[in-house]
Structures are given as C-alpha cells and as structure tokens.
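Me: I'm new to reading structures, and I get lost when I look at everything at once. Please pick one spot inside this one and walk me through what surrounds it.

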Amino acid sequence: MIIGASAYLGWYFISPLFISNRVNEALPSGLIAAAGPGAAAPQTGGGSAAIKSGTLKDGDSFHKGSGGVAVFRLSDGKRLLRLDSIDVTNGPDLHVYLSAHPDPKTREDVHQPGYADLGKLKANQGSQNYDIPADVELNAIRSVVIYCQPFHVVFSAAALE
C-alpha cells in the first residue's frame with residue numbers, strides 16, 4: 001500500500017517534466033485598443049493593441065519559459081490575459097498568476113498584495129487565454145508568472161509594460 005502510494009505521488013510530481021501538452025486557443029474577437037492617450041500600444045498576434053505586454057523568461061537554470069504575454073480589454077469591458085506561443089518547462093500543478101512584483105523570483109515576491117491566481121495553466125506549450133477578474137487592479141499588476149503550487153517555484157515570469 002505504501003509503495004503504491006509512493007509510486008503514484010512520484011509519478012504525479014515527476015512525470016510532467018517529461019510530458020508536454022499543447023493548446024492553441026484563438027484570440028477572441030471584440031478586442032479594443034486601450035492604451036493611454038498618446039501611448040504606443042504594445043502589439044501581439046494579429047496586430048491587436050494590448051494594454052500591457054511582455055515576454056516570458058526563465059525562472060532559473062532548470063525552469064525555462066519563452067513566449068509572449070499580453071493583457072487586452074474586450075469590447076464588453078472584460079479583460080483577458082493572452083499567453084502567445086509559449087513554451088514552458090512542464091511541472092505539477094502549474095498556475096498562471098498576475099503579480100505586483102516586476103521580477104518575481106520567490107513565493108513572497110509572487111504573493112505581494114494585489115496578486116491574482118488566474119487558474120491552472122492549460123498547457124505548457126501553445127497559445128491560451130485567461131479571463132482577468134473585474135476586481136483585479138491592472139495598474140498594480142507588473143508581471144505574469146507561471147508558478148508551481150506544490151513546490152512554490154517560479155517556472156517563468158514576464159515583466160509587463
């Protein structure tokens with residue numbers, strides 16, 4: 001019984017490192033340009049103007065990440081985070097966070113006041129969308145983080161500008 005439980009837990013925590021998942025969600029219609037007056041709006045796939053954007057970078061020498069991130073406002077007023085053409089080291093229970101820290105490296109950095117957990121990472125490769133709750137103050141958000149819940153590790157992060 002103990003050996004079986006140990007084997008299951010070992011597989012749960014180790015197997016994602018060897019298995020990649022891909023998702024390719026379309027960028028939703030209804031995007032509107034929402035950059036400040038006179039500001040040059042960052043761009044991402046399809047030429048749509050983003051409120052904020054950035055590029056994922058490695059969390060450390062083992063936890064790697066690349067691809068674009070962008071925050072959009074939809075015509076209905078909702079906000080959306082887009083992860084575009086990402087490739088992140090897979091791991092157990094990875095989540096997508098918005099953080100007030102510009103370059104989070106630790107659990108404390110990620111969980112500064114104002115952070116938001118947007119939910120489980122849908123796949124470690126490809127393009128995907130996440131709704132941003134209405135109560136998230138975008139002016140306070142300075143980064144997007146791919147974060148491993150069980151081990152409290154930053155796998156990848158992108159500063160937002």
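**Around valine 96**

Reply: Leaving aside residues up to four places away in sequence, valine 96 touches Leu81, Leu83, Ala116, Asp117, Leu118, Gly119, Leu121, Tyr130, Val144, Val145 and Ile146 (contact means heavy atoms within 4.5 Å). Keep in mind that this is a predicted model, where local features need pLDDT of at least 70, side-chain atom pairs count only at pLDDT 80 or more, and totals for chains, interfaces and linings use all residues. Residues are numbered from 1 along each chain as its sequence is written, and side-chain values use heavy atoms, without hydrogens or water.

(Strands are DSSP runs of E, at least two residues, numbered from the N terminus.)

β9 and β12 run antiparallel, joined by 6 bridges (strands pair when DSSP finds at least two bridges). Serine 99 has serine 143 in β12 as its bridge partner. Both strands sit in an open sheet of 5, ordered β6-β13-β12-β9-β10, with β6 (57-58) and β10 at the edges.

β8 (79-88) runs antiparallel to β11, with 7 bridges between them; isoleucine 86 partners glycine 126 there. Because 7 of the 8 residues of β11 (125-132) are buried, this strand is largely enclosed by the rest of the structure (buried: under 20% relative accessible area, 1.4 Å probe, protein chains only).

Terms used:
Buried < 20%, exposed > 50% of the residue type's maximum accessible area, 1.4 Å probe, protein only. Helix = DSSP H or I, 4+ residues; strand = E, 2+ residues; numbered from the N terminus.
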